[in-house]
Amino acid sequence: MLTPFTIEHGWLSPATQCLSPHFNQRPNNEVSLLVIHNISLPAGCFGLPYIDQLFLGQLDCSADPSFTELQGLEVSSHFLIRRDGEIVQYVSCDARAWHAGVSEYQGRSNCNDFAIGIELEGTDDIAYTDEQYQQLAALTACLLLTYPSIGVENIVGHSDIAPERKTDPGLSFNWQRYKQSLTEYF
Ligand SMILES: [Zn+2]
C-alpha cells in the first residue's frame, strides 16, 4: 500500500497548516527519532481550538481553570492528529519543534534536536479512534520514507524518553496495532 502523503521541504501534503512560532533550527539537521504524544485541552475534551492556540502562543489562560499552569509555556509539535483524523502541521519537519522537553534516548539528551513529534488528540485512558490509527500509520510511513534514519525501531512514546515526567501516549495507545499497521506499507 502506498502512503497518501508526501513531504516536501519538511511540509506534509495534504495537511492543515497552522504555523507555530515555537521552533528553532536543528543543531545538525538530523532527523532520527519519532515521538508519539497525546494532548487534550482541557484534559479529556476534544474538538476545541485550544491546542492550536497553545502551540501558536495564543492561548487565553483564563478560558479554563486548568490553563493557568500553561501560562507562558512555549511548546509546539510537528503534527497533531485530531479525533476525526485531521492532521495539523505546526512546524516543518526540518526544523526543531518543542515537544519532548527534558528527555533522553539511547544515552542522548535533548531529543527535540533530532526528533519529530506527533500529538494524538486524546488522553492516557480513552481509546484513540480508528481514524487516528489510520492517519498515524500513513503519516509514519511517509516520515520513514522521507527520513530513513528514523527506522521503525526508533519510534517511541514520550513516556519512553521522559519516564519520570511523562506518561503519554498512555495505556490507551495500542502499540501492537500501530506497529502492525505499518507493515501494510513496507
Ligand atoms: Zn508528550
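Both faces of strand E11 are covered. On one side Ala115, Gly117, Glu119 and Glu121 are buried; on the other, Ile116, Ile118 and Leu120 are buried too. Buried here means under 20% relative accessible area, exposed means over 50%, and partly exposed lies in between (1.4 Å probe, protein chains only). In a regular strand the side chains alternate between the two faces of the sheet. E11 covers residues 115-121, and seven of its seven residues are buried, so the strand is largely enclosed by the rest of the structure. Strands (E, at least two residues) and helices (H or I, at least four) are DSSP runs, numbered from the N terminus.

A word on the source. This is a predicted model, in which local features need pLDDT of at least 70, side-chain atom pairs count only at pLDDT 80 or more, and totals for chains, interfaces and linings use all residues. Residues are numbered from 1 along each chain as its sequence is written, and side-chain values use heavy atoms, with hydrogens and water left out.

Now the partners of E11. Two strands pair if DSSP finds at least two bridges between them. E5 pairs with E11 in the parallel sense, over seven bridges. Within that pairing, valine 35 has glycine 117 of E11 as its bridge partner. Strand E6 (residues 79-81) also pairs with E11 in the parallel sense, over three bridges. Here leucine 80 stands opposite glutamate 119 of E11.

Which residues coordinate the zinc ion? They are His37 (ND1), His158 (ND1) and Asp168 (OD), at 2.0 to 2.1 Å. Donors are N, O and S atoms within 2.8 Å of the metal (3.2 Å for Na, K and Ca); water is not among the atoms, so sites may look incomplete. In sequence the donor residues follow the spacing H-x120-H-x9-D. The histidine pair links distant parts of the chain: histidine 37 belongs to strand E5 (residues 33-39), histidine 158 to helix H3 (residues 158-161), and they are 121 residues apart. Histidine 37 is buried, at a relative accessible area of 1%. Histidine 158 is buried as well, at 4%.

Next, a helix. H2 spans residues 130-146, which makes 17 residues. From first C-alpha to last, H2 reaches 24 Å, close to the 24 Å expected at 1.5 Å a residue. The expected span is 1.5 Å times one less than the number of residues.

How many disulfides does the model hold? The count comes to zero, where a disulfide is a pair of cysteine sulfur atoms within 2.5 Å. Take cysteine 61. Its closest cysteine sulfur, in cysteine 45, is 16 Å away, so the two are too far apart for a bond. Cysteine 61 is buried, with a relative accessible area of 12%. Cysteine 111 counts as buried at 0% relative accessibility.

Most residues other than glycine have a negative phi, and most peptide bonds are trans. Serine 13 and proline 14 are joined by a cis peptide bond, with omega about -5°. Proline 14 sits in the loop between strand E2 (11-13) and strand E3 (16-17). The bond from leucine 41 to proline 42 is cis too, with omega near -15°. Proline 42 falls in the loop between E5 and helix H1 (50-56).

Positive phi values come next. Asparagine 110 has phi near 55°. It lies in the loop between strand E10 (108-109) and E11, and is partly exposed at 40% relative accessible area. Histidine 9 has phi near 50°. Its place is the loop between strand E1 (6-8) and E2, and at 68% relative accessibility histidine 9 counts as exposed.

Histidine 9 also meets serine 92. The serine 92 side chain reaches the backbone oxygen of histidine 9 at 3.4 Å. That is a polar contact: a pair of N or O atoms within 3.5 Å; within protein, one must be able to donate a hydrogen and the other to accept it, and residues adjacent in sequence count only if both atoms are side-chain atoms. Serine 92 is found in the loop between strand E7 (87-89) and strand E8 (95-97), and counts as buried at 12% relative accessibility. Leaving aside neighbours within four places in sequence, serine 92 is in contact (heavy atoms within 4.5 Å) with His9, Gly10, Trp11 and His78.
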